[in-house]
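Please keep the structure open while you read.

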Amino acid sequence: MNSFTYRYPVRQHFGKGCAENAIKEELDRIGQNVLLAYGGSSLKRTGLYDKIISWLHERGKNVVDFGGIMPNPTYDKVQEGARLVHEYNIDFILAVGGGSVIDCCKVVSAQVKLDEDIWEMQYTKHQYPTEFVPMGAIVTASGTGAEQNNGAVITHTKKKLKQPLTGAYYSFAILDSDLTRTLPMGQVVSGAFDTLSHCMEIYMGKPQTDNLSDEINEAVMRNVIKNLRELIVDPDNDFARGELMWDSALAENSLLKLGKQTDFQCHMLEHAVGAYTDCNHGKALAVIHPVLYRHLLNEGKEKLARMAERVWNVKGDTVEQTAILGIEALEAFIKEIGLPSHWSEMGIKDESILRAAADTCLLMPGCCKQFSRDELFEILKECM
Ligand code: NZQ
Ligand code: ZN
C-alpha cells in the first residue's frame with residue numbers, strides 16, 4: 001500500500017432507534033443558534049421535523065429553518081444557506097437528510113467563513129477553506145456516505161458543472177436505520193448501488209496489487225449485494241437496512257481508501273452528465289459502470305478478474321474471461337435490482353449533451369487508464 005496518515009474526525013452514532021438519545025447527547029455540545037437544514041417535503045411528512053424541533057426547543061436552542069435543499073444541490077442554494085447563517089448569527093448547522101442536504105451544508109459551513117466565492121477560490125486559485133461553522137448530520141437516506149467525508153458535490157447551474165468542492169467534516173453523524181424506512185424502495189436501491197459504486201471506484205484505483213484495504217473492500221461489496229437483495233424482498237428487514245447504512249459509511253469514511261489512490265472516473269462521468277440532466281446519481285452510475293469497465297479490460301483486467309472471483313463468485317478459463325464474467329454479473333445484478341442499463345430508460349436522448357459531458361468531465365489520475373475525451377464520449381454513447 002502507499003503511505004498514509006489516518007485521522008478521523010466524525011463521531012458516529014449507529015443503531016436502530018438511536019436518533020433520539022444520540023441527538024440529545026450531542027445537543028449539550030453545540031451552540032445556541034441552530035440552522036436546521038433539510039430537503040423537500042419528506043421531513044415534515046414523516047413527522048421527524050416536529051420531533052427534532054421539540055428536541056431542540058427542550059434544550060433552549062433558537063432554530064432557523066433552511067428547507068428546500070433539492071436533490072443535486074445547487075451553488076445558489078449554498079449561497080442562500082450562507083446568507084441565513086450570517087443573518088441569524090448561526091453557530092451550529094444541523095443537516096437532516098440524504099447526500100444532497102448533507103453536501104449542501106458542508107459548503108455553506110465553509111462559504112460563511114470566506115470573503116470570496118468558494119467555487120472560484122477552489123477551481124481558479126486551487127485554494128481550500130480551513131475555517132468552518134460546526135455541523136452535525138442526521139442521515140435519513142443512506143448510500144452516499146456524504147456524512148463521512150468533507151467533499152461535497154455541488155451543481156453550478158450557470159456554469160453547467162456538477163463538481164466536488166471541499167467543505168467541512170461533520171462533528172457527528174447519526175445513523176439510525178429507522179429513519180430510512182419511509183424512503184421509497186427505488187431510492188433505497190439507488191443509494192445502495194451508489195455504495196457499491198464507491199467500493200468499486202476505490203478497489204479499481206492504484207495500486208492494483210493485493211492489499212489489506214481491498215480485502216476489507218471485498219467484504220463490504222459482498223455485504224451490500226447480499227443485504228440489498230434481502231431488503232428488496234422484505235422491506236421490514238431492519239437488520240439488512242442497518243447493514244446497508246453501515247456499508248455506506250464504511251465506503252466513505254476513508255478506511256477502504258487507506259494506502260490507495262482512488263479511481264472515481266465513473267463518478268466524474270455521472271457528475272458531468274448530471275450537470276446537464278439533473279439525473280439521479282445511483283441510476284446514472286448503474287448505466288455507466290459496465291460500459292466503462294469494458295473499456296478497462298486491457299489495463300484493469302487483473303483487478304476486474306479478482307473482483308469477479310471474490311465478489312461475484314464467477315471464474316473463466318483466462319484472466320480476461322473471468323473479468324468479462326464479472327462485468328456480466330454486475331450487469332445482471334443491475335437488472336435484477338431494477339436499475340436502468342441505458343440512458344433511454346432515464347429519458348436521456350440528446351447526444352450533444354453527452355459530447356458536452358465528455359468535454360467537461362474531470363479526468364481522474366487514479367484510474368488505471370487515462371481516457372481521451374473522445375473515448376469518454378464513445379463510452380457515454382454506448383450507454384444509449
Ligand atoms: O427532498 P426530500 O423531500 O427530503 O426527499 C428526498 C429526495 O427527494 C428523499 N428522502 C430522503 N430521506 C427520506 C426521503 N424520502 C422519504 N423518507 C426519507 N427518510 O430522497 C430523495 C433523494 O435524496 P438525496 O439526498 O438527493 O439522495 P442521495 O442521498 O442519493 O444524495 C445524492 C447527492 O449526493 C451526491 C450526489 O452527487 C447527489 O448530489 N454525492 C455525494 C457524495 C459525497 N459527498 O461523498 C458521494 C456520492 O458519490 C454522491 O456524488
Ligand atoms: Zn456516489
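Is Asn72 buried or exposed? Asn72 counts as buried, at 12% relative accessibility. Buried means under 20% relative accessible area, exposed means over 50%, and partly exposed lies in between (1.4 Å probe, protein chains only).

1. Ground rules. This is a predicted model, in which local features need pLDDT of at least 70 and side-chain atom pairs count only at pLDDT 80 or more, while totals for chains, interfaces and linings use all residues. Residues are numbered from 1 along each chain as its sequence is written, chains are lettered from A and ligands numbered from 1 in the order in which they are written, and side-chain values use heavy atoms, with hydrogens and water left out.

2. The Asn72 loop. Asn72 is in the loop between β3 and α4. Helices (H or I, at least four residues) and strands (E, at least two) are DSSP runs, numbered from the N terminus. The phi of Asn72 is near 60 degrees, a positive value in a residue other than glycine. Most residues other than glycine have a negative phi. Ile69 sits in the loop between β3 (62–66) and α4 (75–87). Ile69 is buried too, at 3% relative accessibility.

3. Look for His126 in the loop between α6 (118–123) and β5 (135–139). His126 counts as exposed, with 54% relative accessibility.

4. A cis bond. Lys206 and Pro207 are joined by a cis peptide bond, with omega about -5 degrees. Most peptide bonds are trans. Pro207 belongs to the loop between α7 and α8 (212–233).

5. Asp194 is buried at 2% relative accessible area, and His267 is buried at 4%. His281, in helix α11 (residues 281–294), is buried at 17%. The side chains of His281 and Glu270 make a polar contact of 2.8 Å. A polar contact is a pair of N or O atoms within 3.5 Å; within protein, one must be able to donate a hydrogen and the other to accept it, and residues adjacent in sequence count only if both atoms are side-chain atoms.

6. The shell of ligand 1. How many residues surround ligand 1? There are 29, and the closest are Gly40, Ser42, Gly99, Ser100 and Asp103. A residue is near a molecule if one of its heavy atoms lies within 4 Å of it. Helix α5 gives the most to this shell, with four residues. Domain 1 (11–180) and domain 2 (186–382) both contribute, so ligand 1 lies between them. The domain bounds come from an automatic or database domain assignment.

7. Contacts of ligand 1. A polar side-chain atom of Ser42 is 2.7 Å from a ligand 1 oxygen atom. A side-chain N or O atom of His267 is 2.9 Å from an oxygen atom of ligand 1.
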